[in-house]
Amino acid sequence: LSAYVTEIGDWHMLFLMAAGLGALCFVLVVLVVPPSTLRTEGKFDYIGTALLSIGLVGVLLAVSRGNDWGWFGPMTLSLGIGGILVLLAWGWYELRIDEPLLDLRVASRRPVLLTNLTAICTGFAMFSGNVAFPQRLQLSVESGSGFGLSLFVSALIIMPTGIVMMVIAPIAGRLSNLLGPRVLLIVGGCAQIIAYTMLAFSSAHVWQIFLASVLVGMGIGFSFAGMPMIIMRSVPQSDTGASNGLNALFRALGTSTAATIVAVVLASSAFEHNGVQVPSLAGFEITFILAASVAALGLILTLFIPVPDSEEEQSSLLLLLELADSFITYRSRYRLEPLLPLVLDLLLLDDTNPRSIAFQLERIAGHIDTLPQSAASGRRIEEQRLALSLLTAARLADVAPLAEAESDGARTGL
């Protein structure tokens, strides 16, 4: 559709169309999407939001525009270095406030960190094709680098990427329940590696780019479906939104980096054809090799993500939720199969759940406060100190160390 509008009219219309679709989506979300059940009380971190926004804008502008401004130009260096310094200040600030925009201690957990690094690789591999495929298809045959197709026909060749992503979404959800979300990332990474390797080491034809578009769409669909699931099972309820938002930022970092690096590779390989600089065939091959290599790096990172809980453990968690009369509460909040970190958070640390230990300790501490005390001493009685100590320990507890299993399967923290 975008290609057709561009061919018959002004490409500026695409932005008006995108704005209209955005407005329509906003209205549909307000009217159709039900309110989230995963809400937590707290204050919004305005300072953290401002620092993160400024830092990201600086870094992403430097990365995306560095090729035009010059990598060592004053604008690029100012934005890049300034953005990094602001992000460091943001991290320092987030570690020192009670209600941060993003809990960096949670973001540094192994499953979350590796998933976010994989998101960079997936975003890079995805956008490499978005930059290279249209140029390869539209460049003239006489140049030796392209196939001479029109913009509209080129769009039809790469359209399967989006269609396959849409078809994959419901399938990915069912596969995740059967095999686990990490398997989705592995399948997605393999699909992208196959797609770009095929183009890099063969005299590519139009049908190969079409097939690569299908494989890339499959890779993106599986990978982007698996990432939120891994993060949801690895962070407390209060951090699910911020953690998934951070994952989206890492994907954007991957796409921005890909746009810049691919542009540099193609520009450096360009030669003059009919008075115009045209990327060479070798430049496209290097781009595809680079995309396949980054996708392979993402696959390696995926292999180090901890394996999901076993079926036996999930059965035990189901029984535990039933015994604690919290199964319905769990399903209404998470809409996921029982996962140990989430179950521990609900039954141990969630002071809004009447069946949790934290809630019961809070009630016990309140009852003890009503007991007669020694007026002579004016100090807390032993029962008060014990209840307060237990309640403080519950509030400060972190589910990640509690859920981590050692090499022998034991959970000493728990």
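Student: Which helix does Met166 lie in?
Tutor: Met166 belongs to helix H8, which covers residues 160–179; helices (H or I, at least four residues) are DSSP runs numbered from the N terminus. This is a predicted model, in which local features need pLDDT of at least 70 and side-chain atom pairs count only at pLDDT 80 or more, while totals for chains, interfaces and linings use all residues. Residues are numbered from 1 along each chain as its sequence is written, and side-chain values use heavy atoms, with hydrogens and water left out.

Student: Is Met166 buried or exposed?
Tutor: Met166 is exposed, its relative accessible area being 61%. Buried means under 20% relative accessible area, exposed over 50%, and partly exposed in between (1.4 Å probe, protein chains only).

Student: And how far apart are Met166 and Gly221 in space?
Tutor: Their C-alpha atoms are 7.4 Å apart, although 55 residues separate Met166 and Gly221 in sequence.

Student: Moving to helix H6, what about Thr115, buried or exposed?
Tutor: Thr115 lies in H6, residues 110–138, and is buried, with a relative accessible area of 0%.

Student: Which residues is Thr115 in contact with, leaving aside its neighbours within four places in sequence?
Tutor: With those neighbours set aside, Thr115 is in contact (heavy atoms within 4.5 Å) with Met227, Ile230, Ile231, Asn247 and Ile305.

Student: How many salt bridges, then?
Tutor: The structure holds one salt bridge, defined as a side-chain nitrogen of Lys or Arg within 4 Å of a carboxyl oxygen of Asp or Glu. It joins the side chains of Asp325 and Arg355 at 2.8 Å, N to O. The pair links distant parts of the chain, 30 residues apart: Asp325 is in the loop between helix H13 (311–323) and helix H14 (327–334), and Arg355 is in the loop between helix H15 (340–349) and helix H16 (357–369). Arg355 is partly exposed, with a relative accessible area of 44%.

Student: Why is H15 described as largely enclosed by the rest of the structure?
Tutor: H15 is so described because nine of its ten residues are buried. Among them are Leu340, Pro341, Asp345 and Leu349.

Technical notes: Helix = DSSP H or I, 4+ residues; strand = E, 2+ residues; numbered from the N terminus.
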